[in-house]
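Please look over the sequence and the structure shown here before reading on. The report is written for someone who meets this structure for the first time.

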Amino acid sequence: MKKLVAIVVLGAALVGAPVGPAQASGVADAALALGAFAVFSQLFWSPLWARPWYEPAYVTSGPVIYSSPAYSAPAQYYAPPAAPAIQREVVYAQGRYLLFGDGVTTAYQWVWVPNPPPPGSAPQ
């Protein structure tokens with residue numbers, strides 16, 4: 001009974017005590033509040049949520065036994081299909097274009113090759 005009276009008197013004294021103006025402002029208030037929260041949570045909330053040290057963290061169902069896989073033939077690897085053939089000649093009535101190079105080691109280059117004049121015609 002004496003403890004209960006002491007707690008009630010202490011609570012009444014703390015509630016009735018006048019609170020003076022705060023000396024800190026801005027960031028200092030936030031830091032003080034965060035520090036008070038950290039101390040409060042460590043002292044009062046952590047024991048409620050903590051697990052006893054002897055309680056196992058997980059339960060296993062026993063050892064797992066693996067059997068060796070059945071034999072399978074080694075995988076067969078195939079060469080990728082060849083690149084499609086490139087049309088290297090485009091023919092017109094007056095001549096043709098020829099494509100030189102492979103585009104990797106040598107750049108592509110189109111060359112115009114005119115048709116020879118028909119036989120019997122004189123150059124002008």
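What follows goes from the overall layout to the sheet, then to the side chains and the surface.

**Overall layout**

The model is a predicted one, and its protein chain contains 2 helices and 3 strands. Read from the N terminus, these elements follow one another as α-α-β-β-β. Of the 124 residues in the protein chain, 2% are buried.

In general, the strands of a sheet pair through backbone hydrogen bonds, in either a parallel or an antiparallel manner.

Strand 1 and strand 2, the latter covering residues 95-100, run antiparallel and are joined by 3 bridges. Within strand 2, Tyr97 is the bridge partner of Val90. Arg88 has its place in the loop between helix 2 (27-49) and strand 1, and its C-alpha atom is separated by 4.7 Å from that of Leu99, although the two residues are 11 residues apart along the chain.

**Aromatic rings**

A pair of aromatic rings is described by the distance of the centres and the angle of the planes. The structure holds 4 aromatic pairs, and among them is the pair of Tyr97 and Trp110, which is edge-to-face, with 6.5 Å from centre to centre and 90 degrees between the planes. Because Tyr97 lies in strand 2 and Trp110 in strand 3, this pair ties together parts that are 13 residues apart in sequence. Ring pairs also link Tyr92, Tyr97, Trp110 and Trp112 into a cluster.

**A salt bridge**

How many salt bridges does a search of the whole structure find? The search finds 1 salt bridge. Glu89 forms a salt bridge with Arg96, and the closest N and O atoms are 3.5 Å apart.

**Exposure of the residues discussed**

The table gathers the relative accessible area of several residues named in this report.

| Residue | Relative accessible area | Class |
|---|---|---|
| Val5 | 45% | partly exposed |
| Arg88 | 35% | partly exposed |
| Glu89 | 34% | partly exposed |
| Arg96 | 32% | partly exposed |
| Tyr97 | 33% | partly exposed |
| Trp110 | 43% | partly exposed |

The class rests on a cut-off, because buried means under 20% relative accessible area and exposed means over 50%, with partly exposed in between. With 33% relative accessibility, Tyr97 therefore counts as partly exposed, and Trp110, with 43%, counts as partly exposed too.

Which residues make the nonpolar surface patch of about 540 Å²? The patch is made by Met1, Leu4, Val5, Val8 and Val9. One of these residues, Val5, has its place in helix 1, which covers residues 2-16, and Val5 is partly exposed at a relative accessible area of 45%.

Key. Residues numbered from 1 in each chain as written. Predicted model: local features only at pLDDT ≥ 70, side-chain atom pairs only at ≥ 80, totals over all residues. Heavy atoms only, no water. Pairing = 2+ DSSP bridges. Helix = DSSP H or I, 4+ residues; strand = E, 2+ residues; numbered from the N terminus. Patch = residues over 30% accessible without salt bridge, like charges linked within 9 Å, V, L, I, M, F, W, Y side chains within 5 Å. Areas by Shrake-Rupley, 256 points an atom, 1.4 Å probe, with all protein chains shown as cover. Salt bridge = Lys/Arg side-chain N within 4 Å of Asp/Glu carboxyl O. Buried < 20%, exposed > 50% of the residue type's maximum accessible area, 1.4 Å probe, protein only. Phe/Tyr/Trp six-rings, centres within 6.5 Å; stacked < 30°, edge-to-face > 60°.
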